[in-house]
Amino acid sequence: MLAPVLAPALGGLLTTYTSWRWIFLINVPLGVVALPLALRMVPDLRDAERPALDWAGFTLGGAGLGAAVYGLELFGGASARWGAAAAWLGAGTVVCALTVRHLLRSGRPLLDLTILRVPTFRVSNASRALFRAAISAVPFLLPLMFQEAFGWSAVMAGLVLIAVFAGNIAVKPLTTPMLRRFGFRTVIVANGVATAVTFVLCALLGVVLCALLGPHTPLVLVVCALFASGVCRSVSLSAHSTIGFADIGPDRTSGASALTSTVQQLATGLGIALAALALRAAQHLVPLLGLSGPAGAYQVALMLLALLPIAAVTEAVRLRRDSGAVVTGLPTQSRPMRADR
């Protein structure tokens, strides 16, 4: 919760008072601190049998995902190269398909895709991927809007995002009671819709601040919108993370964890690429929609990105009402849920 929100604030401070190069160099002291902590705090648990690395899955997966993300990046670049972007994206899609084929046929695959047969795990990861892509786009778009449309400094644009972190922390004590009272499906669906509303709110807020209230508007409106966004972000991530492992047995936890981490990192990267793509598409849509002002493109981009949490809701609706009951303690339906369906 902490890192993605404080990163823009730290980035604004570094670029303003030192140099943008420190955004990369700051990883050195962080790594120096993290390494001994990991050695001390993470148990050294090892399987008796250590299978060889699936080099074919590693190579195919890395190449396919890298090409697909790079293709999306080319689509969203300042000077889009449509031919090259389509070629990279198409090649990445083909290689990813070959990767899936290999993983399903391999005796010891890099990622065990058969775990996706567990309904709660499959739906949770699909819904969470869409949701994480959406929330990863926010720390990318909002600082740009604050600087280019509102005229704020990099420091100001980064520090204001701490309101998202405040929302993350404030709602944490309420997350577990909410899940136990209403169940996973209800919370995920309702919170996904609320997240889309916060995207729309940020879009409308940009227009109001720039067109009606001016650059000297008190920060309370922005902070409240970001706080609400942080609340929604926290509830959904907690719910998705918990239900994803609710029906996973101990013998499959390692494989499920590896697959979940891969999906999470991929969704984060795709979210930023989609944000850039949405912003570029918005620049062409603004004149057609009759919008004006420096916030117009960001308004449209945020509206487009609001479709991602809505898509996440459509995945979550597929969950049974008693999904995750083993965690929440809610009564289950009479028909038992089969983990292999």
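A salt bridge here is a side-chain nitrogen of Lys or Arg within 4 Å of a carboxyl oxygen of Asp or Glu. The side chains of glutamate 315 and arginine 318 meet that description, with N to O at 3.1 Å. The model is predicted. Two salt bridges are present in the structure, and the number of disulfides is zero.

**Salt bridges**

- Side chains of opposite charge can pair when their charged atoms come close.
- Aspartate 112 and arginine 252 form a salt bridge through their side chains, at 3.4 Å from N to O. This pair ties together distant parts of the chain, 140 residues apart.
- Aspartate 112 sits in the loop between H5 and helix H6 (119–148). Arginine 252 sits in the loop between helix H10 (220–243) and helix H11 (253–289).
- Aspartate 112 has a relative accessible area of 25%, so it is partly exposed. Arginine 252 is also partly exposed, because its relative accessibility is 28%.
- Glutamate 315 and arginine 318 make a salt bridge at 3.1 Å. Arginine 318 counts as exposed because its relative accessibility is 52%, and the cut-off for exposed is over 50%.

**The loop between H5 and H6**

- Isoleucine 115 lies in this loop. Its relative accessible area is 0%, so isoleucine 115 is buried.
- Beyond residues up to four places away in sequence, isoleucine 115 touches Phe121, Ile248, Arg252, Gly255 and Ala256. One of these, Arg252, is the salt-bridge partner of aspartate 112.
- Isoleucine 115 and tryptophan 88 are 27 residues apart along the chain. Their C-alpha atoms are separated by 29 Å.

**Helix H5**

- Helix H5 covers residues 82–105, which is 24 residues.
- Ala85, Gly92, Thr99 and Leu103 are buried in H5. The buried residues of H5 pack against helix H4 (55–75).

**Leucine 179**

- Leucine 179 belongs to helix H8 (residues 162–182). Its relative accessible area is 7%, so leucine 179 is buried. The cut-off for buried is under 20%.
- Leaving aside neighbours within four places in sequence, leucine 179 contacts Phe184, Val187, Ala239, Thr328 and Leu330.
- Leucine 179 and alanine 267 are 88 residues apart in sequence. In space they are 24 Å apart, C-alpha to C-alpha.

**Nonpolar surface patch**

- Leu10, Leu13, Tyr17, Leu159 and Ile162 make a nonpolar surface patch of about 440 Å².
- Helix H1 (residues 2–17) gives the most to this patch, with three residues.
- Leucine 13 lies in helix H1. Leucine 13 is partly exposed because its relative accessibility is 32%. Patch residues need over 30% relative accessible area, so leucine 13 passes that cut-off.

**Cysteines**

- The structure has zero disulfides.
- Cysteine 224 counts as partly exposed because its relative accessibility is 46%.
- Cysteine 232 counts as buried because its relative accessibility is 7%.

Definitions and conventions. Residues numbered from 1 in each chain as written. Predicted model: local features only at pLDDT ≥ 70, side-chain atom pairs only at ≥ 80, totals over all residues. Heavy atoms only, no water. Helix = DSSP H or I, 4+ residues; strand = E, 2+ residues; numbered from the N terminus. Buried < 20%, exposed > 50% of the residue type's maximum accessible area, 1.4 Å probe, protein only. Contact = heavy atoms within 4.5 Å. Patch = residues over 30% accessible without salt bridge, like charges linked within 9 Å, V, L, I, M, F, W, Y side chains within 5 Å. Areas by Shrake-Rupley, 256 points an atom, 1.4 Å probe, with all protein chains shown as cover. Expected span 1.5 Å × (residues − 1). Disulfide = S-S within 2.5 Å.
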